[in-house]
Amino acid sequence: MDPYKVLGFDEPKIADYLIEFLRDEIYKVGFEKAVIGLSGGIDSGLVAYLLKEALGKENVYAIILPYKTSSAESVDDAFKIINELGINYKKIDITKMADSYIENNFDKVRIGNILARLRMIVLFDQSYETNALVVGTSNKTELLLGYGTWYGDMASSLNPIGDLYKTQVRILSKYMGVPKSIIDKKPTADLWVGQSDEEELGFSYDEADLILYHLFDKRLSIDEVINLGFRENIVNGIFERVRKNQFKRLPPIIAKVSRRSINWDFRFLRDWGQI
Amino acid sequence: MKIAIAQFKPKLGKVKENLERIEIFIDEAINKKSDLIIFPELATSGYALRDLVSYASINLQNKDLSNIIQKSNFIDIVLGYAQKEDNLYYNSALYLSEGLILTNRKKVYLPDYGMFEEARYFAKGDTLETTQTKFGKVNILICEEAFHLSVHHFVEQSKSDLTIIISASPYWIYENKADKTKIWDNICNNISSLSGNFVIYVNRVGFEDGVGFFGSSLVYNPFGACIFKGDFLKENLYILDLELSDIAHAKEFMPLLKDKSYGSI
(Lines give C-alpha, C1' and ligand atoms only; values in the text may rest on other atoms or scores of the structure.)
Protein backbone atom coordinates (compact mmCIF):
# COMPACT_ATOMS: atom_id res chain seq x y z
CA MET A 1 0.00 0.00 0.00
CA ASP A 2 1.46 3.34 -1.04
CA PRO A 3 0.80 6.00 1.62
CA TYR A 4 1.43 8.76 -0.90
CA LYS A 5 -1.40 7.41 -3.00
CA VAL A 6 -3.88 6.59 -0.22
CA LEU A 7 -3.26 9.89 1.60
CA GLY A 8 -2.89 12.04 -1.52
CA PHE A 9 -5.03 15.12 -2.15
CA ASP A 10 -5.48 18.04 -4.49
CA GLU A 11 -2.40 20.03 -3.38
CA PRO A 12 -3.28 23.51 -4.72
CA LYS A 13 -6.72 23.28 -3.13
CA ILE A 14 -5.43 22.19 0.28
CA ALA A 15 -2.73 24.86 0.14
CA ASP A 16 -5.42 27.49 -0.53
CA TYR A 17 -7.52 26.08 2.28
CA LEU A 18 -4.73 26.19 4.88
CA ILE A 19 -3.61 29.66 3.79
CA GLU A 20 -7.17 30.93 4.14
CA PHE A 21 -7.44 29.19 7.54
CA LEU A 22 -4.36 31.08 8.78
CA ARG A 23 -5.59 34.42 7.50
CA ASP A 24 -9.13 34.01 8.78
CA GLU A 25 -8.29 32.68 12.24
CA ILE A 26 -5.45 35.18 12.82
CA TYR A 27 -7.21 38.31 11.53
CA LYS A 28 -10.47 37.58 13.34
CA VAL A 29 -8.79 37.92 16.73
CA GLY A 30 -7.15 41.19 15.80
CA PHE A 31 -3.66 40.01 14.83
CA GLU A 32 -1.74 40.34 11.57
CA LYS A 33 1.47 38.56 12.44
CA ALA A 34 2.69 35.12 13.33
CA VAL A 35 5.71 33.71 15.10
CA ILE A 36 7.01 30.15 14.69
CA GLY A 37 9.87 28.12 16.00
CA LEU A 38 11.87 27.14 12.93
CA SER A 39 13.81 23.95 13.54
CA GLY A 40 15.11 23.32 10.05
CA GLY A 41 12.76 20.34 9.74
CA ILE A 42 9.94 19.79 7.30
CA ASP A 43 6.98 20.57 9.60
CA SER A 44 7.96 24.07 10.71
CA GLY A 45 9.37 24.60 7.21
CA LEU A 46 6.00 23.93 5.59
CA VAL A 47 4.23 26.18 8.10
CA ALA A 48 6.70 28.99 7.25
CA TYR A 49 5.85 28.63 3.56
CA LEU A 50 2.11 28.68 4.28
CA LEU A 51 2.43 31.69 6.59
CA LYS A 52 4.35 33.70 4.04
CA GLU A 53 1.50 33.19 1.56
CA ALA A 54 -1.15 33.93 4.17
CA LEU A 55 0.27 37.02 5.87
CA GLY A 56 3.11 38.29 3.68
CA LYS A 57 6.80 37.83 4.50
CA GLU A 58 7.03 40.99 6.60
CA ASN A 59 4.45 39.56 9.02
CA VAL A 60 6.16 36.24 9.69
CA TYR A 61 8.76 35.85 12.45
CA ALA A 62 10.86 32.70 12.43
CA ILE A 63 12.72 32.02 15.65
CA ILE A 64 15.66 29.61 15.59
CA LEU A 65 16.25 28.16 19.03
CA PRO A 66 19.38 26.02 19.15
CA TYR A 67 20.78 24.28 22.22
CA LYS A 68 24.47 23.38 22.47
CA THR A 69 23.78 19.83 21.26
CA SER A 70 21.60 20.91 18.30
CA SER A 71 23.02 19.81 14.98
CA ALA A 72 24.59 22.50 12.81
CA GLU A 73 22.69 21.04 9.86
CA SER A 74 19.35 21.94 11.53
CA VAL A 75 20.37 25.59 11.90
CA ASP A 76 21.70 25.68 8.32
CA ASP A 77 18.42 24.28 7.01
CA ALA A 78 16.44 26.84 8.99
CA PHE A 79 18.48 29.60 7.34
CA LYS A 80 17.91 28.02 3.95
CA ILE A 81 14.15 28.54 4.49
CA ILE A 82 14.57 32.06 5.87
CA ASN A 83 16.69 33.11 2.90
CA GLU A 84 14.30 31.52 0.46
CA LEU A 85 11.23 33.23 1.94
CA GLY A 86 12.72 36.54 3.11
CA ILE A 87 10.79 36.35 6.39
CA ASN A 88 11.92 37.99 9.64
CA TYR A 89 14.09 35.91 11.93
CA LYS A 90 15.89 35.80 15.22
CA LYS A 91 18.36 33.24 16.50
CA ILE A 92 18.17 32.77 20.24
CA ASP A 93 20.46 30.23 21.84
CA ILE A 94 18.70 28.52 24.76
CA THR A 95 21.82 26.83 26.18
CA LYS A 96 22.31 29.30 29.03
CA MET A 97 18.66 29.16 30.08
CA ALA A 98 18.57 25.40 29.89
CA ASP A 99 21.88 24.72 31.60
CA SER A 100 21.08 27.01 34.51
CA TYR A 101 18.35 24.49 35.40
CA ILE A 102 19.51 21.12 34.05
CA GLU A 103 21.55 18.95 36.41
CA ASN A 104 23.96 16.14 35.66
CA ASN A 105 21.58 13.37 36.62
CA PHE A 106 18.76 14.46 34.22
CA ASP A 107 18.10 11.81 31.58
CA LYS A 108 17.77 12.67 27.91
CA VAL A 109 13.96 12.57 27.79
CA ARG A 110 13.76 14.91 30.76
CA ILE A 111 16.24 17.27 29.09
CA GLY A 112 14.33 17.02 25.81
CA ASN A 113 11.12 18.09 27.55
CA ILE A 114 12.90 21.00 29.20
CA LEU A 115 14.28 22.17 25.85
CA ALA A 116 10.85 21.93 24.21
CA ARG A 117 9.27 23.91 27.05
CA LEU A 118 11.97 26.57 27.07
CA ARG A 119 11.42 27.04 23.36
CA MET A 120 7.72 27.46 24.09
CA ILE A 121 8.49 30.18 26.66
CA VAL A 122 10.69 32.06 24.21
CA LEU A 123 8.14 31.76 21.37
CA PHE A 124 5.28 33.07 23.49
CA ASP A 125 7.50 35.87 24.78
CA GLN A 126 8.49 36.78 21.23
CA SER A 127 4.83 36.74 20.27
CA TYR A 128 4.23 39.34 22.98
CA GLU A 129 7.06 41.51 21.70
CA THR A 130 6.03 41.33 18.06
CA ASN A 131 2.26 41.34 18.67
CA ALA A 132 1.98 38.04 16.84
CA LEU A 133 0.29 34.69 17.42
CA VAL A 134 2.33 31.53 17.96
CA VAL A 135 1.54 29.13 15.15
CA GLY A 136 1.93 25.44 15.91
CA THR A 137 3.82 23.00 13.74
CA SER A 138 2.83 19.56 15.10
CA ASN A 139 1.45 17.18 12.49
CA LYS A 140 -1.41 14.71 12.92
CA THR A 141 0.91 11.72 13.25
CA GLU A 142 2.75 13.29 16.19
CA LEU A 143 -0.44 14.55 17.80
CA LEU A 144 -2.14 11.15 17.61
CA LEU A 145 0.92 9.24 18.79
CA GLY A 146 1.55 11.80 21.53
CA TYR A 147 5.07 12.17 20.18
CA GLY A 148 5.64 15.68 21.46
CA THR A 149 6.07 17.59 24.70
CA TRP A 150 2.90 18.68 26.44
CA TYR A 151 3.02 22.48 26.83
CA GLY A 152 6.25 22.38 24.85
CA ASP A 153 6.24 21.97 21.08
CA MET A 154 2.53 21.03 21.33
CA ALA A 155 1.66 24.52 22.60
CA SER A 156 0.42 27.12 20.13
CA SER A 157 -2.50 29.41 19.34
CA LEU A 158 -3.43 27.69 16.11
CA ASN A 159 -2.03 24.97 13.89
CA PRO A 160 -2.50 24.64 10.13
CA ILE A 161 -0.96 21.16 9.79
CA GLY A 162 -2.38 19.31 12.80
CA ASP A 163 -4.82 17.40 10.58
CA LEU A 164 -2.15 16.34 8.07
CA TYR A 165 -0.22 13.11 8.53
CA LYS A 166 3.57 13.22 8.08
CA THR A 167 3.14 11.75 4.60
CA GLN A 168 0.70 14.55 3.74
CA VAL A 169 3.10 17.15 5.14
CA ARG A 170 5.68 15.79 2.69
CA ILE A 171 3.23 15.93 -0.22
CA LEU A 172 2.25 19.52 0.52
CA SER A 173 5.84 20.59 1.22
CA LYS A 174 6.85 19.43 -2.22
CA TYR A 175 4.03 21.43 -3.77
CA MET A 176 4.87 24.55 -1.71
CA GLY A 177 8.52 24.42 -2.74
CA VAL A 178 10.17 23.49 0.56
CA PRO A 179 13.80 22.59 -0.34
CA LYS A 180 14.15 18.95 -1.32
CA SER A 181 17.02 18.33 1.09
CA ILE A 182 14.71 19.29 3.97
CA ILE A 183 11.86 17.09 2.71
CA ASP A 184 14.15 14.09 2.23
CA LYS A 185 16.22 14.22 5.40
CA LYS A 186 15.66 11.79 8.26
CA PRO A 187 12.98 13.14 10.66
CA THR A 188 14.38 14.13 14.06
CA ALA A 189 13.23 16.13 17.06
CA ASP A 190 16.96 16.91 17.51
CA LEU A 191 16.57 16.86 21.29
CA TRP A 192 19.77 14.85 21.68
CA VAL A 193 22.65 14.01 19.38
CA GLY A 194 21.73 11.50 16.69
CA GLN A 195 18.05 11.26 17.67
CA SER A 196 15.82 9.69 15.01
CA ASP A 197 12.01 9.78 15.24
CA GLU A 198 11.54 6.50 13.45
CA GLU A 199 14.18 4.61 15.48
CA GLU A 200 12.75 5.96 18.72
CA LEU A 201 9.16 5.12 17.76
CA GLY A 202 10.05 1.68 16.39
CA PHE A 203 8.20 2.07 13.09
CA SER A 204 8.34 4.26 10.03
CA TYR A 205 6.07 7.25 9.41
CA ASP A 206 4.90 5.61 6.19
CA GLU A 207 3.67 2.62 8.16
CA ALA A 208 2.30 4.65 11.09
CA ASP A 209 0.36 6.99 8.81
CA LEU A 210 -1.39 4.14 7.02
CA ILE A 211 -2.22 2.38 10.28
CA LEU A 212 -3.52 5.58 11.92
CA TYR A 213 -5.51 6.47 8.82
CA HIS A 214 -7.27 3.10 8.75
CA LEU A 215 -7.82 2.94 12.51
CA PHE A 216 -9.19 6.43 12.96
CA ASP A 217 -10.09 8.19 9.72
CA LYS A 218 -11.66 5.05 8.28
CA ARG A 219 -12.74 3.68 11.68
CA LEU A 220 -11.53 0.13 11.02
CA SER A 221 -11.10 -2.25 13.96
CA ILE A 222 -7.62 -3.34 15.05
CA ASP A 223 -8.26 -6.79 13.52
CA GLU A 224 -9.35 -5.31 10.22
CA VAL A 225 -6.17 -3.23 10.06
CA ILE A 226 -4.00 -6.28 10.84
CA ASN A 227 -5.83 -8.16 8.07
CA LEU A 228 -4.73 -5.46 5.63
CA GLY A 229 -1.20 -6.79 6.18
CA PHE A 230 0.21 -4.62 8.96
CA ARG A 231 2.23 -6.22 11.76
CA GLU A 232 0.07 -7.11 14.76
CA ASN A 233 2.43 -5.76 17.44
CA ILE A 234 2.83 -2.46 15.59
CA VAL A 235 -0.93 -1.95 15.12
CA ASN A 236 -1.61 -2.76 18.77
CA GLY A 237 1.27 -0.57 19.89
CA ILE A 238 0.07 2.38 17.86
CA PHE A 239 -3.50 2.05 19.11
CA GLU A 240 -2.22 2.00 22.71
CA ARG A 241 -0.03 5.06 22.13
CA VAL A 242 -3.00 7.00 20.80
CA ARG A 243 -5.17 5.94 23.74
CA LYS A 244 -2.60 6.72 26.43
CA ASN A 245 -1.82 10.15 25.00
CA GLN A 246 -5.39 11.42 24.76
CA PHE A 247 -4.62 13.73 27.72
CA LYS A 248 -2.12 15.67 25.62
CA ARG A 249 -4.79 16.60 23.12
CA LEU A 250 -7.19 18.12 25.65
CA PRO A 251 -7.18 20.95 28.19
CA PRO A 252 -6.80 19.88 31.84
CA ILE A 253 -9.85 18.23 33.37
CA ILE A 254 -11.83 20.22 35.91
CA ALA A 255 -13.78 18.78 38.84
CA LYS A 256 -17.44 19.44 38.15
CA VAL A 257 -19.15 21.10 41.10
CA SER A 258 -21.61 23.59 39.63
CA ARG A 259 -24.58 23.19 37.31
CA ARG A 260 -22.59 24.67 34.49
CA SER A 261 -18.97 23.65 34.18
CA ILE A 262 -16.43 24.80 31.62
CA ASN A 263 -16.50 22.65 28.47
CA TRP A 264 -19.09 20.14 29.74
CA ASP A 265 -22.14 22.36 29.86
CA PHE A 266 -20.55 25.76 29.27
CA ARG A 267 -19.86 25.17 25.61
CA PHE A 268 -18.60 27.80 23.21
CA LEU A 269 -16.20 27.76 20.31
CA ARG A 270 -13.00 29.72 20.73
CA ASP A 271 -14.23 31.96 17.90
CA TRP A 272 -16.76 33.36 20.37
CA GLY A 273 -13.89 35.64 21.39
CA GLN A 274 -13.32 37.14 17.95
CA ILE A 275 -13.45 40.89 17.45
CA MET B 1 -34.91 35.77 -14.16
CA LYS B 2 -31.84 37.24 -12.48
CA ILE B 3 -30.65 35.61 -9.29
CA ALA B 4 -28.05 36.79 -6.79
CA ILE B 5 -26.04 34.18 -4.89
CA ALA B 6 -24.66 35.56 -1.66
CA GLN B 7 -21.70 33.33 -0.83
CA PHE B 8 -21.71 34.97 2.57
CA LYS B 9 -19.22 34.86 5.45
CA PRO B 10 -21.08 35.30 8.73
CA LYS B 11 -19.29 36.06 11.98
CA LEU B 12 -20.05 33.55 14.70
CA GLY B 13 -22.61 34.96 17.12
CA LYS B 14 -22.37 38.55 15.83
CA VAL B 15 -25.99 38.89 14.75
CA LYS B 16 -26.14 42.68 14.49
CA GLU B 17 -23.01 42.85 12.35
CA ASN B 18 -24.21 39.99 10.16
CA LEU B 19 -27.60 41.61 9.63
CA GLU B 20 -25.94 44.87 8.58
CA ARG B 21 -23.77 43.05 6.05
CA ILE B 22 -26.74 41.05 4.78
CA GLU B 23 -28.52 44.34 4.08
CA ILE B 24 -25.49 45.60 2.14
CA PHE B 25 -25.53 42.45 0.00
CA ILE B 26 -29.26 42.89 -0.62
CA ASP B 27 -28.81 46.52 -1.66
CA GLU B 28 -26.11 45.53 -4.11
CA ALA B 29 -28.31 42.81 -5.60
CA ILE B 30 -31.16 45.32 -5.94
CA ASN B 31 -28.82 47.76 -7.70
CA LYS B 32 -27.88 45.03 -10.10
CA LYS B 33 -31.56 44.42 -10.88
CA SER B 34 -31.72 40.95 -9.39
CA ASP B 35 -35.10 39.32 -8.80
CA LEU B 36 -34.05 37.01 -6.00
CA ILE B 37 -31.13 36.91 -3.56
CA ILE B 38 -30.21 33.77 -1.65
CA PHE B 39 -28.20 33.64 1.57
CA PRO B 40 -26.77 30.45 3.09
CA GLU B 41 -27.86 28.47 6.15
CA LEU B 42 -27.59 30.31 9.50
CA ALA B 43 -26.34 33.43 7.76
CA THR B 44 -27.42 35.71 10.61
CA SER B 45 -25.66 33.76 13.35
CA GLY B 46 -22.85 31.55 12.06
CA TYR B 47 -22.93 27.79 12.29
CA ALA B 48 -21.31 26.11 15.30
CA LEU B 49 -23.28 28.04 17.88
CA ARG B 50 -23.29 25.63 20.80
CA ASP B 51 -24.39 27.71 23.82
CA LEU B 52 -24.36 30.84 21.67
CA VAL B 53 -27.66 29.58 20.30
CA SER B 54 -29.55 31.42 23.05
CA TYR B 55 -27.76 34.71 22.36
CA ALA B 56 -27.74 34.50 18.56
CA SER B 57 -31.29 33.36 17.71
CA ILE B 58 -33.94 35.74 16.46
CA ASN B 59 -37.62 35.82 17.35
CA LEU B 60 -39.65 36.66 14.24
CA GLN B 61 -41.87 38.90 16.38
CA ASN B 62 -38.89 41.10 17.19
CA LYS B 63 -37.90 43.94 14.92
CA ASP B 64 -34.47 42.43 14.12
CA LEU B 65 -35.52 41.35 10.65
CA SER B 66 -37.85 44.24 9.82
CA ASN B 67 -35.31 46.04 7.58
CA ILE B 68 -34.73 42.89 5.59
CA ILE B 69 -38.43 42.10 5.29
CA GLN B 70 -38.94 45.69 4.13
CA LYS B 71 -36.29 45.24 1.43
CA SER B 72 -38.21 42.28 0.04
CA ASN B 73 -40.50 44.88 -1.57
CA PHE B 74 -37.70 45.30 -4.09
CA ILE B 75 -36.26 41.81 -4.35
CA ASP B 76 -37.26 38.34 -3.19
CA ILE B 77 -35.02 37.03 -0.41
CA VAL B 78 -34.13 33.58 0.85
CA LEU B 79 -32.37 33.72 4.20
CA GLY B 80 -31.11 31.07 6.59
CA TYR B 81 -31.22 32.10 10.25
CA ALA B 82 -31.27 30.83 13.83
CA GLN B 83 -34.85 31.19 15.01
CA LYS B 84 -36.17 31.45 18.55
CA GLU B 85 -39.78 30.50 19.13
CA ASP B 86 -41.54 29.48 22.34
CA ASN B 87 -38.21 29.01 24.10
CA LEU B 88 -36.98 26.60 21.45
CA TYR B 89 -34.41 27.19 18.74
CA TYR B 90 -34.69 26.24 15.09
CA ASN B 91 -32.36 26.19 12.10
CA SER B 92 -34.77 28.00 9.78
CA ALA B 93 -35.11 29.45 6.31
CA LEU B 94 -37.28 32.35 5.16
CA TYR B 95 -38.71 33.15 1.76
CA LEU B 96 -39.54 36.87 1.75
CA SER B 97 -41.38 38.68 -1.02
CA GLU B 98 -43.19 42.01 -1.31
CA GLY B 99 -42.79 42.74 2.37
CA LEU B 100 -44.30 39.44 3.43
CA ILE B 101 -43.03 36.17 4.85
CA LEU B 102 -44.16 33.58 2.31
CA THR B 103 -42.42 30.71 4.08
CA ASN B 104 -40.64 30.13 7.35
CA ARG B 105 -39.29 26.60 7.24
CA LYS B 106 -37.65 24.81 10.19
CA LYS B 107 -34.96 22.28 9.31
CA VAL B 108 -36.29 18.74 9.62
CA TYR B 109 -33.09 16.69 9.42
CA LEU B 110 -30.58 17.98 11.97
CA PRO B 111 -27.24 16.15 11.75
CA ASP B 112 -25.71 15.08 15.05
CA TYR B 113 -23.06 12.58 13.92
CA GLY B 114 -19.34 13.11 13.41
CA MET B 115 -18.54 16.77 13.97
CA PHE B 116 -22.19 17.86 13.88
CA GLU B 117 -24.17 18.91 16.95
CA GLU B 118 -27.28 20.49 15.46
CA ALA B 119 -29.80 18.16 17.08
CA ARG B 120 -28.35 18.99 20.49
CA TYR B 121 -29.17 22.68 20.16
CA PHE B 122 -31.99 22.99 17.67
CA ALA B 123 -35.53 21.63 17.80
CA LYS B 124 -36.64 19.67 14.78
CA GLY B 125 -39.02 21.07 12.21
CA ASP B 126 -41.81 18.77 11.09
CA THR B 127 -42.68 19.68 7.53
CA LEU B 128 -41.25 20.18 4.12
CA GLU B 129 -43.13 22.73 2.09
CA THR B 130 -43.26 24.22 -1.35
CA THR B 131 -43.63 27.96 -1.74
CA GLN B 132 -45.66 29.48 -4.57
CA THR B 133 -43.65 32.49 -5.72
CA LYS B 134 -43.85 34.87 -8.67
CA PHE B 135 -41.15 32.79 -10.35
CA GLY B 136 -42.86 29.43 -9.86
CA LYS B 137 -43.01 26.80 -7.16
CA VAL B 138 -39.94 26.80 -4.97
CA ASN B 139 -38.61 24.20 -2.54
CA ILE B 140 -36.13 25.44 0.03
CA LEU B 141 -33.96 22.71 1.49
CA ILE B 142 -31.57 23.31 4.37
CA CYS B 143 -28.24 21.53 3.91
CA GLU B 144 -28.50 17.98 5.34
CA GLU B 145 -32.11 17.70 4.18
CA ALA B 146 -30.82 17.38 0.62
CA PHE B 147 -28.92 14.20 1.68
CA HIS B 148 -32.20 12.37 2.34
CA LEU B 149 -33.83 10.45 -0.50
CA SER B 150 -37.23 10.99 1.09
CA VAL B 151 -36.70 14.70 0.49
CA HIS B 152 -35.79 14.07 -3.15
CA HIS B 153 -39.08 12.21 -3.44
CA PHE B 154 -40.88 15.19 -1.92
CA VAL B 155 -39.21 17.50 -4.42
CA GLU B 156 -40.29 15.31 -7.30
CA GLN B 157 -43.89 15.06 -6.09
CA SER B 158 -44.12 18.80 -5.39
CA LYS B 159 -44.04 19.56 -9.14
CA SER B 160 -41.73 22.43 -8.33
CA ASP B 161 -39.71 24.67 -10.66
CA LEU B 162 -36.81 25.71 -8.49
CA THR B 163 -35.07 23.91 -5.68
CA ILE B 164 -32.90 26.09 -3.49
CA ILE B 165 -30.45 24.39 -1.14
CA ILE B 166 -28.89 26.63 1.47
CA SER B 167 -26.00 25.22 3.44
CA ALA B 168 -23.13 25.64 5.88
CA SER B 169 -21.15 22.71 4.57
CA PRO B 170 -17.71 22.09 6.05
CA TYR B 171 -14.81 21.01 3.87
CA TRP B 172 -12.96 17.72 4.07
CA ILE B 173 -11.19 15.38 1.72
CA TYR B 174 -11.86 11.81 0.64
CA GLU B 175 -9.53 9.32 -1.04
CA ASN B 176 -8.43 9.59 -4.66
CA LYS B 177 -8.22 13.39 -4.50
CA ALA B 178 -11.98 13.70 -4.06
CA ASP B 179 -13.46 16.16 -1.60
CA LYS B 180 -16.75 17.41 -0.20
CA THR B 181 -17.60 19.32 -3.39
CA LYS B 182 -18.24 16.01 -5.13
CA ILE B 183 -21.24 15.03 -2.99
CA TRP B 184 -22.94 18.39 -3.66
CA ASP B 185 -22.26 18.11 -7.35
CA ASN B 186 -23.95 14.71 -7.32
CA ILE B 187 -26.96 15.89 -5.30
CA CYS B 188 -27.55 18.95 -7.48
CA ASN B 189 -27.12 16.92 -10.63
CA ASN B 190 -29.58 14.27 -9.42
CA ILE B 191 -32.31 16.64 -8.30
CA SER B 192 -32.07 18.88 -11.34
CA SER B 193 -31.95 16.15 -13.95
CA LEU B 194 -34.61 13.94 -12.34
CA SER B 195 -37.09 16.65 -11.32
CA GLY B 196 -36.60 19.18 -14.14
CA ASN B 197 -35.87 21.90 -11.57
CA PHE B 198 -33.25 24.57 -11.55
CA VAL B 199 -31.18 23.69 -8.49
CA ILE B 200 -29.43 26.56 -6.74
CA TYR B 201 -26.98 25.51 -4.05
CA VAL B 202 -25.68 28.33 -1.86
CA ASN B 203 -22.93 27.46 0.61
CA ARG B 204 -21.31 29.85 3.08
CA VAL B 205 -17.60 30.58 3.49
CA GLY B 206 -15.31 31.35 6.43
CA PHE B 207 -13.69 29.32 9.21
CA GLU B 208 -15.03 28.53 12.69
CA ASP B 209 -12.43 27.09 15.07
CA GLY B 210 -10.54 25.56 12.17
CA VAL B 211 -13.58 24.19 10.35
CA GLY B 212 -13.67 25.68 6.85
CA PHE B 213 -16.95 26.28 5.04
CA PHE B 214 -15.98 26.06 1.44
CA GLY B 215 -18.42 28.05 -0.70
CA SER B 216 -18.26 26.59 -4.20
CA SER B 217 -21.96 27.35 -4.65
CA LEU B 218 -23.62 25.72 -7.66
CA VAL B 219 -26.40 26.23 -10.15
CA TYR B 220 -27.69 23.30 -12.20
CA ASN B 221 -30.18 23.79 -15.00
CA PRO B 222 -33.29 21.57 -15.34
CA PHE B 223 -31.46 19.33 -17.81
CA GLY B 224 -28.92 18.44 -15.15
CA ALA B 225 -26.05 20.56 -16.42
CA CYS B 226 -23.92 22.69 -14.13
CA ILE B 227 -24.18 26.29 -15.32
CA PHE B 228 -22.44 28.03 -12.43
CA LYS B 229 -19.71 27.30 -9.89
CA GLY B 230 -18.80 29.78 -7.16
CA ASP B 231 -15.27 30.26 -5.88
CA PHE B 232 -13.75 27.96 -3.29
CA LEU B 233 -13.62 29.72 0.13
CA LYS B 234 -14.14 33.28 -1.18
CA GLU B 235 -16.93 35.58 -0.08
CA ASN B 236 -18.70 37.00 -3.10
CA LEU B 237 -22.03 38.12 -4.55
CA TYR B 238 -22.69 36.45 -7.89
CA ILE B 239 -25.42 37.55 -10.28
CA LEU B 240 -26.64 35.29 -13.03
CA ASP B 241 -29.54 34.83 -15.39
CA LEU B 242 -31.81 31.79 -15.39
CA GLU B 243 -33.86 30.97 -18.47
CA LEU B 244 -37.03 29.83 -16.73
CA SER B 245 -38.55 28.44 -19.93
CA ASP B 246 -35.91 25.69 -19.68
CA ILE B 247 -38.02 24.15 -16.91
CA ALA B 248 -40.98 23.38 -19.16
CA HIS B 249 -38.70 22.11 -21.92
CA ALA B 250 -36.85 19.82 -19.56
CA LYS B 251 -40.08 18.42 -18.14
CA GLU B 252 -41.38 17.85 -21.64
CA PHE B 253 -38.15 16.14 -22.62
CA MET B 254 -38.31 13.81 -19.62
CA PRO B 255 -41.92 13.71 -18.28
CA LEU B 256 -41.20 11.43 -15.34
CA LEU B 257 -44.15 12.77 -13.32
CA LYS B 258 -46.58 11.51 -15.97
CA ASP B 259 -46.49 8.08 -14.38
CA LYS B 260 -48.91 8.91 -11.59
CA SER B 261 -48.89 5.49 -10.01
CA TYR B 262 -45.33 6.17 -8.86
CA GLY B 263 -46.44 8.54 -6.13
CA SER B 264 -48.55 5.86 -4.49
CA ILE B 265 -45.73 3.31 -4.27
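Q: Which residue just after α8(A) takes a positive phi, and of about how many degrees?

A: It is A:Gly177, which follows directly on α8(A) and has a positive phi of about 90 degrees. Residues are numbered from 1 along each chain as its sequence is written, while chains are lettered from A and ligands numbered from 1 in the order in which they are written. The model is predicted, so local features need pLDDT of at least 70 and side-chain atom pairs count only at pLDDT 80 or more, whereas totals for chains, interfaces and linings use all residues.

Q: How many residues of helix α8 of chain A are buried, and which are they?

A: A residue counts as buried if 20 or more other C-beta atoms lie within 10 Å of its own, as exposed if 12 or fewer do, and as partly exposed in between, with C-beta atoms placed from the backbone. Helix α8 (residues 166-176) of chain A is mostly covered, since 8 of its 11 residues are buried. These are A:Lys166, A:Thr167, A:Gln168, A:Val169, A:Arg170, A:Ile171, A:Leu172 and A:Ser173. They pack against several helices of chain A, among them α2 (11-27), α9 (180-184) and α11 (205-217).

Q: What is the strand order of the open sheet in chain A?

A: Two strands pair if DSSP finds at least two bridges between them. In chain A, an open sheet of 4 strands runs in the order β3-β2-β1-β4 with parallel pairing, and its edge strands, β3 (88-91) and β4 (132-134), each pair on one side only. Axes are lines fitted to C-alpha atoms, for helices over the stretch in contact, and angles run from 0 to 180 degrees between N-to-C directions. With direction ignored, neighbouring strands of this sheet are turned by 25 degrees against each other on average.

Q: How many bridges link β1 and β2 of chain A, and which helix lies across them?

A: Strand β1 (residues 33-37) and strand β2 (residues 60-64) of chain A pair in the parallel sense over 4 bridges, and A:Ile36 has A:Ala62 as its bridge partner in β2(A). Helix α3 (residues 42-55) of chain A lies across these two strands, running at about 170 degrees to β1(A). Helix α6 (residues 108-130) of chain A also packs on the sheet, where it touches β1, β2, β3 and β4 of chain A and makes about 160 degrees with the direction of β1(A).

Q: Are the faces of β8(B) covered or open?

A: In a regular strand the side chains alternate between the two faces of the sheet. In β8(B) both faces are covered, with B:Leu162, B:Ile164 and B:Ile166 buried on one side and B:Thr163, B:Ile165 and B:Ser167 buried on the other. Strand β7 (residues 136-142) of chain B runs parallel to β8(B) and is joined to it by 5 bridges, and B:Ile140 has B:Ile164 as its bridge partner in β8(B).

Q: Which strands stand at the edges of the sheet in chain B?

A: This open sheet of 6 strands has mixed pairing and the order β6-β7-β8-β9-β12-β13. Its edges are β6 (130-133) and β13 (226-229) of chain B, each with a single partner strand, so one side of each is left without a neighbour in the sheet. At one end, strand β12 (residues 218-220) of chain B is joined to β13(B) by 3 bridges and runs antiparallel to it.

Q: How many residues does each chain bring to the contact?

A: Chain B supplies 20 residues and chain A 19. On the side of chain B that touches chain A, strand β10 (residues 205-208) of chain B gives the most, with 3 residues. The predictor gives the complex an ipTM of 0.95 and a pTM of 0.96.

How values were computed:
Contact = placed C-beta atoms within 7 Å.
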